[in-house]
Amino acid sequence: MQHKLISSSSSRVLSAAELEEIDHELTLYPTKQSVGLEALKIVQRHQGWVSDESMHAIANYLELPLAELEGVATFFNLIYRRPVGKRVILFCDSVSCWIMGCEKNKARLAERLGIGYGETSADGEFTLIPVPCLGDCDKAPVMMVGDTMHRQVDPASIDALVEGPGNKAFTVDKVGGDE
Amino acid sequence: MAKITVDGLSYEVNPDNNLLQECLSQGLDLPYFCWHPCMGSVGACRQCAVKTYRDAEDKNGTLVMACMTPASDGAIVSIEDEQASAFRAGVIESLMTSHPHDCPVCEEGGECHLQDMTQMSGHNYRRYDKLKVTHRNQDLGPFLNHEMNRCITCYRCVRFYDDYAGGTDLAAQASHHHTYFGRFEDGTLESEFSGNLAEVCPTGVFTDKPFSEHYTRKWDLQVAPSVCTGCAVGCNTTPGERYGSLRRVVNRYNSEINGYFLCDRGRFGAHYVNTDNRLRSAKDAAGMTLSTEEAEEKLAAVCAQGAIGIGSPRASVEANFALRCLVGEDNYYSGESAQNHEALQWLLSCLEDEAFSCPTIKEMEGADAVLVLGEDVTNTAPRVALALRQSVRSEATRLAAKARIPSWQDAAVRELAQEAQSPLALFSTGATRLDDVASTTLNADPASLLAAAKAVDVRLAGGSPDYDALIPEASSGASKGETMQAVESVCAALIAAQEPLIVCGSHAGVELMRVAASIARTLSALKSAPCALALLPAEDNSVGHAMLVRPQNTLAAALTKLSDGAASAVIIIENDLTRRAPSAAVTAALQAAEQVVVVDHLNTATTRAATLALPSTSFNEYESSRVNYEGRAQLSFQVSQYPSGTKPVEHWLGVDGALHSASLIARCSAEAAGFASLPKILPDALTRVAGLKVPRQSHRYSGRTAMNANVAVNEGKQAVDENSVMAFSMEGALLQQDASVLASPWAPRWSSNQSITKFQAEVGGELKQEQKGVHLLTRSVQSAVVEPDSHVVSGATDPATKGELGVHFVQQIFGSDELSAHSPAIRERLCDAYVALSPPQAASLGATTGDRLVISGTTTELSLVVRTQTPDTVAMIYPGTSAAGESINALDLPHRITLTRAPDQEAGAASLGLAALIVGDAVFSHARAAEE
Amino acid sequence: MSAHAEQRPLTKNIDLKRGPLALKEYEAAGGYAGPRAIAAGLQPNEVLERIKESGLKGRGGAGFPTGLKWSFVPQGPDSEQQKYLVVNADEMEPGTFKDRLLMEGDPHLLIEGMIIAAYTIQASRAFIFLRGEYLLAEKRLAQAIAEARAAGHLGENVFGTGFAFDIVLHTSAGRYICGEETALLNALEGKRANPRAKPPFPQVSGLWGKPTIVNNVETLCNLPGIIANGVEWYQSLGSGGDFGTKLFGVSGRVKTPGCWELPFGVSIREVIEGYGGGMQEGYRLKAFLPGGGSTDFLTPDHLDTPLTYGAIGELGSRLATGTMILLDDQTCPVGMIGNLMKFFAHESCGFCTPCRDGLPWVDAIFRDLEEGKGAHKDIAILQDHVGYLGPGKTFCALAPGATAPLGSGLKLFADEFETHANSGCPYH
Ligand SMILES: Cc1cc2nc3c(=O)[nH]c(=O)nc-3n(C[C@H](O)[C@H](O)[C@H](O)COP(=O)(O)O)c2cc1C
Ligand code: SF4
Ligand code: FES
């Protein structure tokens, strides 16, 4: 019953790589609806987040209702509908990490990066997002930064992360950062 | 039947239903939110908790959700159990934590299901003192307000809008206690059934926007049972009036027709009665206002001189009959277009033919294979579209029964069935808004569709093995192979079905209607049972009007009589002839006539041509009857008093008995063929308690002594209505549990529309003392069998001159109907008159969507819409209703046209644009089409 | 300690210092014996009988007998032929870290278990529903699946049996509710992960309406051992009515937190004090949740209880995932429960009322208590919610899970709640 106004204005063009991955998923699942969620993940992997333009593009490509796709995108914790920094800090603040003192780490992140939950550092490097238990409770407190697990984190390791190579805003010597 | 015990009393119940539904059917009060009789159970709200006990020994019991528990034989249930009550109180307390304290300013107040349930569950003190969740609201267009802070997350809106009505632009978003129901972004809700959200939502999230602009509490509305005038389905409605203006229309439950739902044309279209476009006083030829007495004198003079009459499908049975009495049957002419007149003759003969049955809307929902021929029901009889959408779920119900999943387990049934659907085949020129649930769609030029339909018939009849010869080699839509495949699958589906249904209508043309009937006849022979055949006329009283007119008394004949001078005066009732006949013929006739009397409630091109224009009442201002597509006559009561200066057509015409509708109905039944049973639509006044009348005002109607204080401080005498069993008063018989004259249901503890369950013999079933109208026509004859003439293929392959396109008219739900198009909210949904072309055709003109095209040889300009599913040889024209309320006279256009780009691409000042266009296929936007 | 303490059928191949065994190594270590036994003629119903006899219970939390669950899948020519196996690898229960170990440590074991399960229920396709954050597990599983496929262990003709079976690795976009098996199915279908009503159970109408079995990772990892070594062997592991081994874990202020494979019946004390090394210097054990965030608190008095479903159940708690979360004397119990409540409130799917609107209220009260803005009436409201959100009242088991630590905590730490209501949290 959709009114399919084919317009390119609010949509972006999915890249060949994105399309290839989405097409591959289409061979694995019997419905396009399933692939909708896969496509959100794929696009996010390529773009860092899922913009409105990407939402339109996915909905158009898979012929899924946009509102429904939005309902799915906004249901899940790990689909970002707003821009995020280069590296997302998935900060575990669930029970074991809390017992083991994650609050101190959170305070240190706030101090060093000036960000709380849902915020991105001024240099666009980090976005801080709380995440339910990361399943590494024996090494609590833990967090994931980008693709890397950081275990037994303490304020000192936060400092090391922030000052680590590749961080423009917080390295004193700005030479040698990534890109 | 099963026996269950509820709080110690035993009840006979239907074990196929759930406990909640059965408790409600028994008249018990059990709170609920997420369940709906049409949408089944999902168990989300947890409000309907009850205790069930294993056996008499079980003292503890188990808490269950009544809506998720079958009403199985021997069940021992307690609603009153302390734990169950406490849990229900907890649920309502939870639901209210973030609910605003805005009942006094909320449009739902006083008819709010949430208010009812809050009181019923005993929650009257708010312990919650933390922060509330708040939401941003969306602009959902001209029909509905959005106030998400009031949401209690029962999921009913999306279950209706998406699952039931097939909408796609409203969805649940976010989650946990931030769950949000809205669109992807602000914008008009696309479904043509969106207005039902105002009734489906148990609180004030979705409310009727035109109503809230001029808001009145439910209990302050003066109401009466009415019938929608939006199309030929005849949905039952309840218009509400206050201070002389129509405020809103809500659904009035009818177990066989609309059930719980209306379309948006019906709900929002009636507001035309309040507009400036009403004819409010009598006028003479010069447009000078006349007093009623002067007008009556002039009319009497015309009558004395002798006049012919032209009736109208949008005027009531009584009005048409009164005109016929006045001018005599010989001089009473059809007010229908030639095509519709012919179609109606055929339709009437089919309604009397015992080979067919005419399905109610409810029966359409139960069909297990449907073939729709040519008629775009979403735009011509929208409630039918909603019913056909349900019909495809017959297969799901069947699968669920096989898997022993109760049919009310809504989510489970959908999950099990996945894409499995009963067949729905759509043969239409362009895409329709039911395509998404169709198993077969065939888009081709009209002649090819006709050929394909004939092929279906021949194939079903087991005749001519080379039925494929019927199908033209070259059609501009589907290929021959595709057509053959469609024909095959339709035949297979219809043969396999238990309850097949054939749908066609007068917009599709009489030829296709004949083939539709022929197919139904073949099926009825195959199955030795009458086959359901729904032939849909165009307007609310098309059938009633046609029944009164002699077949040879066509409109063309009347116009000729006038222009020839064979008649010098004409009385036209509630009809704009420029919508019915070519402008030239209308103009010639009206100019030739010495006297043109037009009685109408609207200002139209025809009233402007009148020598005497008389203002009539609109549908809500007098009591009258109409005959729907089934031949079912229904009575619509007067809601408001006549606006000053106006009167019903039949009163103007002053025939004997007209002042009392019952006596006019009696006369009609005696004099007009086919109307013998008409008086049965009248409520039986004798059965009323002590002869009491039924109040139009609620027992809480307020301000009666003060409402006219700005005019006069004394309390005026209540208007007396001798004409009706209803009174303009709050006093009278209280129709508790009697639905014979039920406008607005209410029951103790149930102020919302959910109180309808108290009037139903069983939930979702018939009303107690339901007034269902009467079927006027009885089936006794076999109408002339029209053999599909199997070896001639008409039209399709006529070689068109290069660039010539066959004209095919399309309808839009908002705009094609004359009356509703004047309603302010509907007007915001109108779009320009357009011509839809296929992408290649558009490309050959070098034009894209939004460009202006001219029909060669005329001055008619149209906006171009490039639609993917348009056959290449067809121009699909929507004549439109312009911002000024006028449309292109479709009957002035030739059958074949050529188009060129308009020299001046600026759309007229009154342009509505195409933004409100809603179609079923893809539309190429400007940018995209330009690229290709 | 039981005689079979040295038997570690689930983790025998796992060595955290190196990567997982590659296919060849896994087979050299006796892997894929189960499918080979099938190839040698073991019929699906025979496997089903063995699993039933073994007494294997699901390790996802509920402890439902696996064989019994499988037996509900309609079989025979009239049944729906497309059936699915789904692996629940969502592991988001707070304090639970066992499936990660299995998938990162020995992915072929899971694949082998899946082949056995799929063959038994005749599912031609399986989905592993893997927690999205488990990137290493994803990588290792993907690699193992590719290896198995290349070797013909997956595909059109599994181990030459004529049985066709393949695996799709699905990574979740993150929601605790996806661990609930019917919500998981909705997530796999690309829908909002609200749970579904039961009945109908997934065994009858599950993924895309087809018969479906959902099993936990650890459950499936038990299968190869049972098929290879027999029911008797399996039953000789474990005691106290529960058979086989289980991954038990400890997190919190112990000296050596971790996760170990131990037979059922080992005492809590042995796990916490033996394997976990006892409490860190300066910390005393105050209470603990025996099986993850949705279980009732136990206290040091219960340390000598054997870890079996029955024994822990008798104490009014649940063995659930077997991963214990320890509360020490220097951590605020109210804060700990509040932390769990925040989690549950946030992870509520929003479908049913008590959970969606009840838990945020609970959460808000904890925040007020923490900040000294709470009142005594708040404690009564918390107590009300224990009953209100309990089993049978909500649509799924998420909210009842939350009431476990809440209800037991309110009882156990009544004084501390009082203190909080009077004057906020004394622990900072
Ligand atoms: C809220 C909730 C979360 C759950 N999370 C998980 C989970 O992460 N992993 C899991 O295996 N089972 C989880 N379960 C249990 C599953 O619903 C299901 O019982 C289990 O996967 C069945 O597998 P089993 O029979 O092998 O134990 C969860 C249940 C609930 C109610
Ligand atoms: S208990 Fe209700 S709201 Fe909570 S997760 Fe389950 S279904 Fe969703
Ligand atoms: S009506 Fe039963 S749970 Fe909502």
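Me: Where is C:Trp208 found?
Reply: In this predicted model, C:Trp208 sits in the loop between H8 and S4 of chain C.

Me: What is the phi of C:Trp208?
Reply: Positive, about 50 degrees, although C:Trp208 is not a glycine.

Me: Which peptide bond is cis, with C:Pro199 in it?
Reply: The one from C:Lys198 to C:Pro199, with omega near -5 degrees. C:Pro199 lies in the loop between helix H8 (181-188) and strand S4 (212-216) of chain C. C:Trp208 is also in the loop between H8 and S4.

Me: Over to chain A. Is the bond from A:Ala140 to A:Pro141 cis or trans?
Reply: That bond is cis, and its omega is near -5 degrees.

Me: And where is the place of A:Pro141?
Reply: A:Pro141 belongs to the loop between strand S3 (126-131) and strand S4 (143-145) of chain A.

Me: Next, ligand 2. Which residues come nearest?
Reply: C:Ser348, C:Cys349, C:Cys352, C:Cys355 and C:Cys396, out of 13 residues around ligand 2.

Me: How does that shell divide by class?
Reply: The shell around ligand 2 has 10 nonpolar residues, three polar and no charged.

Me: Changing topic: how much space lies in the largest cavity?
Reply: About 510 Å³.

Me: Which residues are closest to its centre?
Reply: B:Glu111, B:Glu199, B:Val250, B:Asn753 and B:Gln754, and the largest cavity is lined by 36 residues.

Me: Which helix and strands of chain B each supply at least two residues of that lining?
Reply: Helix H5 (197-200), strand S9 (206-208) and strand S13 (245-251) of chain B do.

Me: How many residues of the lining are charged?
Reply: Nine are charged, alongside 16 nonpolar and 11 polar residues.

Me: Last one, still chain B. At what angle do H14 and H15 pack?
Reply: Helix H14 (residues 394-402) and helix H15 (residues 410-417) of chain B pack at about 100 degrees, and their axes are 9 Å apart. The range from 65 to 115 degrees counts as roughly perpendicular, so H14(B) is roughly perpendicular to H15(B).

Me: Which residues make the contact?
Reply: From H14(B), B:Ala396, B:Leu399 and B:Ala400; from H15(B), B:Val413, B:Leu416 and B:Ala417.

Me: How many polar or charged residues has the contact of H14(B) with H15(B)?
Reply: No polar and no charged residues; the contact has six nonpolar ones.

Technical notes. Residues numbered from 1 in each chain as written. Chains lettered and ligands numbered in written order. Predicted model: local features only at pLDDT ≥ 70, side-chain atom pairs only at ≥ 80, totals over all residues. Heavy atoms only, no water. Axes fitted to C-alpha atoms, helices over the stretch in contact; angles between N-to-C directions. Helix = DSSP H or I, 4+ residues; strand = E, 2+ residues; numbered from the N terminus. Parallel < 35°, antiparallel > 145°, perpendicular 65-115°, else oblique. Contact = heavy atoms within 4.5 Å. Nonpolar A, V, L, I, M, F, W, Y, C, P; charged D, E, K, R; others polar. Near = heavy atom within 4 Å. 1 Å grid on protein atoms, 1.4 Å probe; cavity = no way out; pocket = protein on both sides within 12 Å on 5 of 7 lines; lining within 4 Å. Points joined across faces, edges and corners; volume = space filled by probe spheres on them.
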